[in-house]
Amino acid sequence: MPDWLAALLITLLKAVLLTLALLTTFAYMTLVERRLLARMQLRPGPNRVGPMGLLQPAADAIKSIFKEDVNVTLADKLVYTLAPIIAIGMALSAFGGLPGGPANSLFGEDPWVYNLNTGVLALLALTSMGVYGIFLGGWASGSKYPILGGLRSSAQMISYELGMGLSILGLLMLVGTTSFQGIVGWQAQYGWLIVFQSLGFALFLISSFAETNRTPFDLPEAEQEIVAGYLTEYSAIKWALFQMAEYVNMITASAVMATLFFGGWKGPQFLNGLIPGISDWPLIWLVAKIAFFLFLFIWVRATLPRLRYDQLMRFGWKLLLPLALANTMVTAAFLAFRGQGSLWFLAVLSLAGLVALLIMSDRVRPLWNTPTIRREDDTATALVRRPAGGD
């Protein structure tokens with residue numbers, strides 16, 4: 001067998017296995033989320049289908065597959081069908097470039113599907129393509145409510161993509177590469193980037209909630225908003241594909257945060273003194289960090305209320321974007337003028353910025369939560385109201 005054909009088959013096999021792993025994780029994340037939300041809200045969760053409710057994801061999958069797929073008369077059939085496929089396709093493709101361990105550590109093969117020197121940029125581009133699935137799904141539905149929901153959702157995701165990109169620009173300048181392997185290697189040498197870019201991490205975390213449509217930024221699918229947003233006319237397996245895309249994006253966002261700020265697949269180095277080589281075990285540490293962030297997504301959903309749409313947009317443009325730009329400028333200035341200065345000075349600056357933001361949260365809240373003052377119309381106040389019962 002030619003080497004190129006063997007490499008192609010191995011890459012396809014890794015892609016298929018990764019897809020199955022992500023879809024299985026999605027299925028049981030729905031169960032885990034419902035059980036954790038039930039525990040946090042003091043109510044019972046799914047516990048009837050199978051032992052301890054473990055077969056609930058299978059029941060939900062069967063229901064989605066065999067449920068009637070409603071045909072919308074005025075929909076653009078081709079685009080209406082392609083939209084959820086684009087959403088789930090981009091979500092699955094984005095995860096493939098994240099390294100799960102050192103080279104040749106997965107039964108002699110590399111623990112990633114593809115390796116690009118522009119890994120971070122490629123991932124941001126793929127996740128940005130998910131916006132097309134949402135907008136096209138709303139436009140192709142042939143109804144005014146989905147298209148309004150699609151427009152609002154697209155505006156939200158594009159707005160927060162700007163803040164997300166700027167929040168990691170300082171990190172990329174500090175590391176000097178956009179390769180995920182290079183970023184993990186830099187952290188193994190100097191320490192986790194959460195230490196030197198704590199403000200950037202906080203901004204990236206907030207942007208990740210908005211990009212994945214999770215509470216408190218889940219307006220694209222909020223029933224209290226424009227019906228159900230871009231999903232209004234979708235049902236059965238097409239609706240399930242959009243749900244899959246959301247959860248897979250959530251898993252991808254967790255993996256990206258673990259890779260960029262928490263050492264990726266590498267574990268704490270001090271544990272090597274207890275068990276030699278434990279910090280370099282492939283997949284184990286990355287999976288553990290992903291699980292932590294997935295729990296954080298669920299915890300926030302159970303805790304925070306949903307923002308209004310105007311609050312959401314003001315928060316992104318008036319607070320998150322300027323802070324991300326300021327973090328980039330501070331990092332650039334430090335790198336330009338530090339000379340022989342230690343990286344710990346940058347760590348102190350970043351942490352001081354995050355602490356100052358938390359302390360001044362009450363002062364900056366009017367930026368996105370300005371109270372509306374209603375004034376009575378002068379003409380209305382000038383009217384003489386007749387008392388009840390006549391003259």
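H10 provides the largest share of the lining of the largest pocket, nine residues; helices here are DSSP runs (H or I, at least four residues), numbered from the N terminus. A pocket is an open set of points on a 1 Å grid over the protein atoms alone, with protein on both sides within 12 Å along at least five of seven lines, and lining residues have an atom within 4 Å of a point. The model is predicted: local features need pLDDT of at least 70, side-chain atom pairs count only at pLDDT 80 or more, and totals for chains, interfaces and linings use all residues. Residues are numbered from 1 along each chain as its sequence is written, and side-chain values use heavy atoms, with hydrogens and water left out.

The largest pocket holds about 1,100 Å³ of space, where a volume is the space filled by probe spheres set on the grid points, which are joined across faces, edges and corners. Its lining numbers 39 residues, with Thr30, Trp239, Gln243, Glu246 and Tyr247 nearest the centre. Helix H1 (3-40), helix H2 (56-66) and helix H10 (236-261) are the elements that give two or more residues to this lining. By class, the lining comprises 19 nonpolar, seven polar and 13 charged residues; Ala, Val, Leu, Ile, Met, Phe, Trp, Tyr, Cys and Pro count as nonpolar, Asp, Glu, Lys and Arg as charged, and the others, Gly among them, as polar.

The second largest pocket has a volume of about 810 Å³. Ala202, Ile206, Leu304, Phe315 and Leu358 are the closest to its centre among 26 lining residues. Two or more residues each come from helix H9 (198-211), helix H11 (284-303), helix H12 (309-337), helix H13 (343-359) and helix H14 (361-364), and H9 gives the most, eight residues. The lining of this second largest pocket divides into 23 nonpolar, two polar and one charged.

A cavity is a set of points where a 1.4 Å probe fits but cannot get out, and the whole structure contains four cavities of 30 Å³ or more. The largest cavity has about 180 Å³ of space. Thr127, Glu211, Thr212, Asn249 and Ala253 lie nearest its centre, within a lining of 18 residues. H4 supplies the largest share of that lining, five residues, and the classes are eleven nonpolar, six polar and one charged.

The second largest cavity holds about 110 Å³. Of its 13 lining residues, Ile134, Asn213, Ala245, Glu246 and Asn249 are the closest to the centre. H10 gives the most to this lining, with four residues.
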